Amino acid sequence: MRAAVYRSYGPPDVVRIEEVPTPVPGGQEIVVRVHAATLDVTDATARCGSPGYSRLFFGLRRPKWTVLGSDFAGVVEAVGSAVTRVRVGDEVVGVTGPDFGAHAEYVRIHQDGALAPKPANLDFAEAVALADATALAFLRDRARLRPGESLLVNGASGAVGSAAVQLGRHFGARVTGVCSTAHLELVRELGAEEVLDYTTVDFTRSGRRYDVVFDVAGTSSFGRSRRVLTPTGRYLSPVPSPGLLVQMPWTTAFGRRRAIVAFTGLRKAAEKTRDLLFTRELAQAGTLRPVIAARYPLERITEAHQHLDRGKYGNIVVTMTGAGTDTTRAG
Ligand SMILES: NC(=O)c1ccc[n+]([C@@H]2O[C@H](COP(=O)([O-])OP(=O)(O)OC[C@H]3O[C@@H](n4cnc5c(N)ncnc54)[C@H](OP(=O)(O)O)[C@@H]3O)[C@@H](O)[C@H]2O)c1
């Protein structure tokens, strides 16, 4: 099969298309023919091996896992003799373990892995663009967002932020989105009651108060966001910093306003499966729609990485069917 392989850390052109052995399922394994996979910020970190401490996880001298990509959508191609969960031909969405592997024509996962049926109303690219449950894990599980609360999403046009705006609305919150001028309309369409342009407004100086500030872009801090948090407000960050790692236990023990950091990729496969099923319901109900910045066929993986390095909004999707680049957004 063809796969996007990298064997050393570096710029986008370290990733090349190679022929590698097609995976064969063991007794409890499932092989999925991948139709679409996302290319995200974690893939960029793993490709660059930067920041340096990330190599403790990805491999000290060279990458431990040579095919990137975590979220995938495709069709079950083969199953092991002990697999009862899916059948050949099922359309599925899944997330690999920390060992990546989805930027390939086929991916193999254990039958206890993170896997769910694909939402019937979405194509494979749209379905995979909703597979990441970071926003759900932060808002529902960590912030315990409640109906009537006010939520500010900083980085509302990104992959995580666009889901956060829609989920915030779904949970009954009043949502304010922060993004650049180019994406104000998009964020409004996603359901934000108010949209702030970060090129002209500093949300921490707005004088408003929010129950939850979700700093997806990681451009603010707990210290600066404190002044716009309600007395029991929560500051959420998916972008860890040494300061936040100290503030989190400190504010949990002593503060009324809390700083919260989490690493959603490290959650158990069963939790990820539960979230894929939850997301599927919302997608099928029309509550949650994917935001796709661009689609690249696998053979143009280097261009996809270049796009990621330039900065993106929404999701970059790699397709295995040669569908071509599409710079329109879905929805
Ligand atoms: N901890 C975890 O478990 C976890 C899981 C997933 C992701 N993450 C992290 O979450 C972060 C966001 O990921 P993503 O995939 O959503 O990124 P993304 O799609 O690249 O989106 C980032 C967004 O940030 C916005 N932005 C840029 N500069 C800004 C500024 N100064 N103020 C406010 N917004 C700004 C951009 O908006 P415009 O396009 O409008 O400029 C863009 O849409 C990444 O750092 C990623 O590593 C962490």
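Helix α4 passes helix α5 in a right-handed crossing, a crossing being right-handed if the near helix is turned clockwise from the far one by less than a right angle, and left-handed if anticlockwise. The model is predicted: local features need pLDDT of at least 70 and side-chain atom pairs count only at pLDDT 80 or more, whereas totals for chains, interfaces and linings use all residues. Residues are numbered from 1 along each chain as its sequence is written, and side-chain values use heavy atoms, without hydrogens and water.

Helices (H or I, at least four residues) and strands (E, at least two) are DSSP runs numbered from the N terminus. Helices α4 (residues 134–142) and α5 (residues 159–170) pack at about 40°, with axes 8 Å apart; axes are lines fitted to C-alpha atoms, for helices over the stretch in contact, and angles run from 0 to 180 degrees between N-to-C directions. The two helices α4 and α5 are therefore oblique to each other, a class left after roughly parallel (under 35 degrees), roughly antiparallel (over 145) and roughly perpendicular (65 to 115). In α4, Thr134, Ala135, Leu136 and Leu139 meet Val160, Ala163, Ala164, Leu167 and Gly168 of α5, contact meaning heavy atoms within 4.5 Å.

Six strands form an open sheet in the order β10-β9-β8-β11-β12-β13, with parallel pairing; two strands pair if DSSP finds at least two bridges between them. Strands β10 (194–197) and β13 (258–261) stand at the edges with a single partner strand each, so one side of each lacks a neighbour in the sheet. Helix α5 packs on this sheet, touching β8 (150–154), β9 (174–179) and β11 (210–215).
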